[in-house]
Amino acid sequence: MSRWLWQLRARLGYWLARRLFHWPAALRQPRLWQWMQGQYGRMANLGDTAAQSFYGHILLFRGQGLGAREEGLRLLRLAADGGDGKAAYQLGVQALQGDSRQAPDAAQAVRWWEMALAAGHPLAAGRLSRLYREGAPGLPADLQAAERYAAMADGSGRSGR
């Protein structure tokens, strides 16, 4: 099969799987769900940023086991590096939460949330403002930065209404 035809097949399969995702009955069918995940994974492996973000979120929140979580975080990192604000925001949340293998990292959360803010994520400025106002392990409170991000959050809130 030619590369062009293979990519077309991947895009059509992904499109159909995304439509089926909104049907609860489809999600309850194990074989269909497995096929849908295959379509998400194939499109993510083709380098589609939106697919990487979507499938990364699914694996992070619905995946089973540590391997699914790690793959979800990897896909979210790829999507964030590709300019996806939602993925960058979620990585900031995960960095600040930490887990059993990694302590919470406020500096890493700031990096991801600044990337999300640059991509236009509506909640990133508010989270940065709160983080700088309260401080966190490894990140001292900085009221000037907190006010700057609070102003950005207020400005984006008004323009979005």
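Trainee: How many helices and how many strands does the protein have?

Mentor: In this predicted model the protein has nine helices and zero strands. Read along the sequence, the pattern is α-α-α-α-α-α-α-α-α. The C-alpha atoms fill a box of roughly 60 × 40 × 30 Å along the principal axes.

Trainee: What share of the residues in the protein is buried?

Mentor: Of the 161 residues, 38% are buried. As for contacts with a separation of 6 or more, 43% come from residues 24 or more positions apart.

Trainee: How do you know that the span of helix α5 agrees with what it should be?

Mentor: Helix α5 covers residues 66–81, which is 16 residues. At 1.5 Å a residue they should span 22 Å, and the end C-alpha atoms are 22 Å apart, so the two values agree.

Trainee: Which residues of α5 are buried?

Mentor: They are A68, G72, L73, L75, L76, A79 and A80. Seen down the axis of α5, these buried residues fall within an arc of 165°, so they line one face of the helix. An α-helix has 3.6 residues a turn, so residues three or four places apart point the same way.

Trainee: What lies on the other side of α5, and what does the buried side pack against?

Mentor: G67 and D81 are exposed on the other side of α5. The buried residues of α5 pack against α3 (30–45), α4 (49–62), α6 (85–97) and α7 (106–118). After α5 comes G83, whose phi is positive, near 105°.

Trainee: What makes α6 largely enclosed by the rest of the structure?

Mentor: The count of buried residues does: 10 of the 13 residues of α6 are buried, so the helix is largely enclosed. The buried residues are G85, A87, A88, Y89, Q90, L91, G92, V93, Q94 and A95. They pack against α4, α5, α7 and α8 (124–134).

Trainee: Which residues make the contact between α1 and α3?

Mentor: From α1 they are W6, R9, A10, R11, G13, Y14, L16, A17, R18 and L20. From α3 they are L32, W35, M36, Q39, Y40, R42 and M43.

Trainee: Why does Q39 count as buried?

Mentor: Q39 lies in helix α3. Buried means under 20% relative accessible area. Q39 has 6% relative accessibility, so it counts as buried. Leaving out residues up to four places away in sequence, Q39 touches A10, G13, Y14 and A17.

Trainee: Why is Q7 called partly exposed?

Mentor: Q7 lies in helix α1. The cut-offs are under 20% for buried and over 50% for exposed, with partly exposed in between. At 25% relative accessibility, Q7 therefore counts as partly exposed.

Trainee: How many residues apart in sequence are Q7 and Q52, and what is their distance in space?

Mentor: Q7 and Q52 are 45 residues apart in sequence, and their C-alpha atoms are 16 Å apart in space.

Key. Residues numbered from 1 in each chain as written. Predicted model: local features only at pLDDT ≥ 70, side-chain atom pairs only at ≥ 80, totals over all residues. Heavy atoms only, no water. Helix = DSSP H or I, 4+ residues; strand = E, 2+ residues; numbered from the N terminus. Expected span 1.5 Å × (residues − 1). Buried < 20%, exposed > 50% of the residue type's maximum accessible area, 1.4 Å probe, protein only. Arc of directions from axis to C-beta. Contact = heavy atoms within 4.5 Å.
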